Amino acid sequence: MKHRIWLLLPIITMLFAISFTNISTSANNIQGNKGMTLDCARTYYSPKLIKGYINTLSKNKAKFVLLHLSDNERFGVENSYLGQTVKKAKVKKGIYFNRKTHKAFLSKGQLKSLINYAKSKHIELIPEIDLPGHNKGIVKLLSYTKKGRRLNKQLIYRNGYNEFKLSKKGTLSLSKKILSEYLPLLPKGNHIGVGSDEISLDNKTEENNFVKYINSIDSFVNHKGYKLTAWNDSFHKRTINQYHKNITIFYWSQNGQQSDPDSRKELIRLRATLPQLVNHGFKVINCNYYYLYVINNKKMFTAKSRFHWKELLSQWNERIWDDNNKSNIYTGNKKIDSALCIWNIEQPVYSAKKDYQLSQEYLNAFLNQRD
């Protein structure tokens with residue numbers, strides 16, 4: 001939607017607003033794999049902390065972790081094309097800092113080491129570079145060179161949400177150049193994430209431009225021996241048959257957690273439901289925002305909040321995806337994977353180390369929850 005207000009409803013409000021009612025489940029009681037997503041863009045997590053999360057996943061026989069490495073607040077990994085390299089960085093206590101943005105980032109070597117470490121623990125690590133939206137971090141890095149400033153001028157969608165124009169070939173070219181630096185770090189067959197959430201798709205032209213964009217990115221990574229993941233936001237009902245069906249979709253919300261009722265209603269009208277995506281052949285990972293997001297704020301980690309969250313979790317299963325209608329569940333017989341999302345806000349309250357310590361209780365509870 002253009003001219004939107006992207007305001008996530010406070011997680012704690014939702015925790016207390018949801019009534020504790022019994023939720024009927026599907027007769028087809030087939031539980032899928034579990035994993036997690038970690039927001040490494042708004043908060044820098046050291047390799048040691050990320051390995052700690054991997055250890056927790058491995059101990060509980062989980063299968064994957066997605067590292068959200070870029071967003072408006074930070075481009076959190078080394079990238080030569082964007083000019084963020086270890087050679088140019090300031091190193092402090094083993095952490096690389098961009099000398100211009102003063103933001104910490106992982107080196108490619110560190111990311112490669114984490115990928116290999118996860119693989120040794122039978123965990124797939126999925127690096128995610130958010131494109132073509134949430135690109136303030138990329139725009140900032142491009143602004144330091146004449147060529148980059150020219151690209152920004154050509155590609156930035158001024159009416160969008162820090163996003164690049166889908167109608168421009170340069171957006172696809174830039175996306176491929178950025179992503180191509182991480183493919184050699186991955187084992188063949190591994191996934192790489194492209195995000196593609198919260199972008200402006202409110203007419204057929206924009207929807208069709210996105211289909212061309214995401215299918216082209218998918219073909220690009222497939223040709224090199226890899227698979228693609230994206231978030232559900234841009235997968236709309238009227239174009240659902242046009243997407244490559246081998247794209248794995250992380251499903252967090254149909255209504256985008258909009259505070260404006262009209263915007264919520266419009267997104268529900270446009271966006272495909274989780275059952276629709278599954279029935280059209282997509283592999284979908286349920287990341288239901290009401291139940292499966294752990295947000296870095298003080299209210300999330302009070303004793304009262306932890307108690308209520310566990311009560312909610314005890315009533316959830318991976319077929320429950322719609323926070324607008326709790327009886328609207330997936331009733332098919334395909335396995336639905338799920339992920340706990342450990343997410344940060346623009347100005348996180350707790351340090352990465354403290355957030356890691358506080359979130360372990362939530363992660364272990366989720367991984368041990370059974371239908």
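**Entry 1: ground rules.** I am reading a predicted model, where local features need pLDDT of at least 70, side-chain atom pairs count only at pLDDT 80 or more, and totals for chains, interfaces and linings use all residues. Residues are numbered from 1 along each chain as its sequence is written, and side-chain values use heavy atoms, with hydrogens and water left out.

**Entry 2: helix 8.** I started with helix 8, residues 261-270. Helices here are DSSP runs of H or I with at least four residues, strands are runs of E with at least two, and both are numbered from the N terminus. Which residues of helix 8 are buried? I found Ser263, Arg264, Leu267 and Leu270. Buried means under 20% relative accessible area, exposed means over 50%, and partly exposed is in between (1.4 Å probe, protein chains only). These four cover an arc of only 130 degrees around the axis, so they sit on the same side of helix 8. The arc is taken from the directions from the helix axis to the C-beta atoms. On the face turned away from that buried side I noted the exposed residues Pro261, Asp262 and Lys265. Helix 7 (204-223) is included in what covers the buried residues of helix 8, with contact meaning heavy atoms within 4.5 Å.

Entry 3: Next I looked up salt bridges, each a side-chain nitrogen of Lys or Arg within 4 Å of a carboxyl oxygen of Asp or Glu. The structure has eleven of them. One joins glutamate 266 to arginine 269, with the closest N and O atoms 2.7 Å apart. Both residues belong to helix 8 and are three residues apart, about one turn of the helix. I was glad to recall that an α-helix has 3.6 residues a turn, so residues three or four places apart point the same way. Glutamate 266 is partly exposed at 21%, and arginine 269 is partly exposed at 46%.

**Entry 4: pairs across the chain.** Is glutamate 207 buried or exposed? Glutamate 207 counts as buried, at 2% relative accessibility, while arginine 238 is partly exposed at 39%.

I then checked arginine 306 and glutamate 361, whose closest N and O atoms are 3.2 Å apart in a salt bridge. Arginine 306 lies in helix 11 (residues 303-314) and glutamate 361 in helix 12 (residues 352-368), 55 residues apart.
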